[in-house]
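Try each task before you read its solution.

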Amino acid sequence: MSRYVDGFVVPVPKSRLDDYRLLAEKAGAVWMEYGALAYCECVADDVKVGEVTSFPRSVQLKDDETVVFAYIVYASREERDRINAAVMADPRLADMDPQNMPFDGKRMFWGGFKPLVTIGDTAG
């Protein structure tokens with residue numbers, strides 16, 4: 001069976017990390033309900049600023065922020081497209097106010113990826 005992965009990198013104010021975690025738990029539950037195989041949000045622990053590129057540089061990280069790297073695993077690209085459409089239409093997430101999000105969406109980036117090499121459990 002093929003897999004498909006959405007990846008995200010987002011700057012989160014350290015003072016809003018608990019708010020972000022609550023949002024991620026809510027969103028993750030919705031993604032899983034619609035069929036995602038795995039949903040994972042990770043906060044930076046060993047992420048240094050590189051001379052040219054790095055996670056902090058990629059989101060123009062500010063001193064009072066941290067980087068969150070996240071991914072969602074799907075059975076296929078088709079499943080990803082179906083699940084994302086359902087998630088975006090779900091009323092539990094429709095009430096999110098873009099002006100009050102616990103992160104700066106303008107500096108967030110994301111994309112869909114086809115696995116190149118997979119070793120071990122791809123759903124976790």
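**Exercise 1.** Find which residues line the second largest pocket.

*Solution.* The lining is made up of Leu17, Tyr20, Arg21, Ala24, Glu25, Tyr39, Glu41, Cys42, Val43 and Val68. H1 and S2 are the elements that give two or more residues to this lining. H1 gives the most, with five residues. The pocket holds about 160 Å³ of space. A pocket here is an open set of points on a 1 Å grid over the protein atoms alone, where a 1.4 Å probe fits, with protein on both sides within 12 Å along at least five of seven lines; lining residues have an atom within 4 Å of a point.

The model is predicted: local features need pLDDT of at least 70, side-chain atom pairs count only at pLDDT 80 or more, and totals for chains, interfaces and linings use all residues. Residues are numbered from 1 along each chain as its sequence is written, and side-chain values use heavy atoms, with hydrogens and water left out.

**Exercise 2.** Check the length of helix H1 (residues 17–33).

*Solution.* Take 1.5 Å a residue: the 17 residues should span 24 Å. The expected span is 1.5 Å times one less than the number of residues. Now compare: the end C-alpha atoms are 24 Å apart, which agrees.

**Exercise 3.** List the buried residues of H1.

*Solution.* Buried means under 20% relative accessible area, exposed over 50% (1.4 Å probe, protein chains only). The buried residues are Tyr20, Leu23, Ala24, Ala27, Gly28, Val30 and Trp31. They cover an arc of only 160° around the axis, so they lie on the same side of H1. On the other side, Asp18 and Glu33 are exposed.

How values were computed: Helices (H or I, at least four residues) and strands (E, at least two) are DSSP runs, numbered from the N terminus. The arc is that of the directions from the helix axis to the C-beta atoms. Grid points are joined across faces, edges and corners, and a volume is the space filled by probe spheres set on the points.
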